[in-house]
Amino acid sequence: MRIERENPAAPAQIVGSVAASAPESVDATVRRAHDQFLAWSARSLTDRLTVLRSATAAIAARTDDFARLLARESGKPVADCRGEIGFAVTYLRWVCANAPAVLNTDVRDDDLGRLEQTGAPFGVVLAITPWNAPIILAMIKLGPALAAGNAVVLKPSPLAPLTVTAVAELLPATTVVHGGPDTVAALIAHPAVRKVAFTGGEAAGRAIAAAAGAALTPVLLELGGNDPAILLDDFALTDADYDRLVLASFATAGQVCMAAKRLYVPRGRYPEFVDAYRAAAARTLRVGDPLSAKVTMGPVVTRAAAERVIALLDDAARRGGRIVPLAPAPRGDGYFLAPALVLDLPDEADLVRLEQFGPAVPLLVYDAEDEVVRRANDSELGLGASVWSADEDRAFALARRLEAGFTFVNTHNRTGMSPRAPFGGVKSSGFGREYGLEGMREYVQSTVRHAPSAFRRGGLGAAAGAYPAG
């Protein structure tokens, strides 16, 4: 059986296909991955990083080809795809430069004794990745996992399996498996899978966590978000700032877990904001063929995704929302939607309450800081947020009150990311962290060797069963 991938900009076109793995083939696949782990982990850290640097260079050399393929299978503009692959290369290089800080053995030999602590690999890591940023979301798992000496079984989304498979083939100790829920369940249940890392929706995350829990397998989950973007009453946005805020919501047609999904503006500055935001959208949003260099927003990924966004907008209209189109969408068979700003919605509307994951964003008015903090936090999700203010200290002070794993200041979405900054959610947006040294530590287990000073040669000893003195 093969999984075919259509072009969401022209669904009659099949971009390519991959072979699906049946659940009964999982055992042999994982056993081979475990053999890879034994060989790969036996190599020195220096050797592993040399191989990773070489693989990173090979990925960088094929950026243009990968970007065009990714644009065709995902619907993302080719410039965005090129940027994503470039950032993945940047991140892999960062891992190679910083891995020794996490992976080298820490040795302390002092009056208390000798203590060695090492971050040891788990073994086989299962990485389950989504379609919307398949390269970077795979690399933030594979990079640190491979540097640490793990082998990886990568299970990509069937909605964008082609490019990430080609990229993964350039990496060591990596096996790609395609398939449905039964295949995923068999992978998680396999006793040689020692860690699961998943990025995706909340419902799938709960199912994966439950299955991994039954096997006592540790899990890293980065799930969805309903990120608020809060503009304080002293915000002073330039045209470039407004352009960045617009794309924080509408990049990848809004199909990003950390997109700005709820905009909060003080009542006294509401009319000014609407005019400036619409002007920025007119400057920045061009909906169309993802392979065009001028396009900044492509189609949504499937017909079902388009129908879901349309249903949210229909509900918004029934609740009195005023839908303001921000750019025209081309007609045809592709899954194109016109990006929309939605005004005058109550907080109970589905477009405010749920993660829309599409090109429609509500603009909400508030009167006081305590009020906007309460409303922003009134969500089961807590992935990201942003605060915009002319006073950076004031922005950071309000950011500390938000229930979010990552709060941007005076930016939002990918423009606010950094390889050094750990990223992940709170509440139902998951647990564990990616990026930063903390993200690398997710792929090692602490192992310790300890010789207390009392029992070393020349030590004074201690009574049998005695507790340590210090």
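Mentor: Two strands pair if DSSP finds at least two bridges between them. Please keep in mind that this model is predicted.

Trainee: In which sense do β13 and strand β14 pair, and over how many bridges?

Mentor: Strand β14 covers residues 360–366, and its pairing with β13 is parallel, over three bridges. Within this pairing, A340 stands opposite A360 in β14.

Trainee: In which sense do strand β12 and β13 pair?

Mentor: Strand β12 (residues 322–325) and β13 pair in the antiparallel sense, over four bridges. Here P325 stands opposite A340 in β13.

Trainee: How do helix α2 and helix α4 pack?

Mentor: An angle over 145 degrees counts as roughly antiparallel. Helix α2 (residues 45–61) and helix α4 (residues 78–103) pack at about 170°, with their axes 9 Å apart; α2 and α4 are therefore roughly antiparallel to each other. The contact includes L45, L49 and R53 of α2 and I85, V89 and R93 of α4. Its residues divide into 12 nonpolar, one polar and two charged.

Trainee: Is S249 buried or exposed?

Mentor: Buried means under 20% relative accessible area. S249, which lies in helix α9 (residues 239–250), counts as buried because its relative accessibility is 4%. A polar atom of the S249 side chain lies 2.6 Å from the backbone oxygen of A260. Leaving aside residues up to four places away in sequence, S249 touches residues including L263, Y277 and V361.

Methods: Residues numbered from 1 in each chain as written. Predicted model: local features only at pLDDT ≥ 70, side-chain atom pairs only at ≥ 80, totals over all residues. Heavy atoms only, no water. Axes fitted to C-alpha atoms, helices over the stretch in contact; angles between N-to-C directions. Helix = DSSP H or I, 4+ residues; strand = E, 2+ residues; numbered from the N terminus. Parallel < 35°, antiparallel > 145°, perpendicular 65-115°, else oblique. Contact = heavy atoms within 4.5 Å. Nonpolar A, V, L, I, M, F, W, Y, C, P; charged D, E, K, R; others polar. Buried < 20%, exposed > 50% of the residue type's maximum accessible area, 1.4 Å probe, protein only. Polar contact = N/O pair within 3.5 Å; in protein donor to acceptor, adjacent residues only side chain to side chain.
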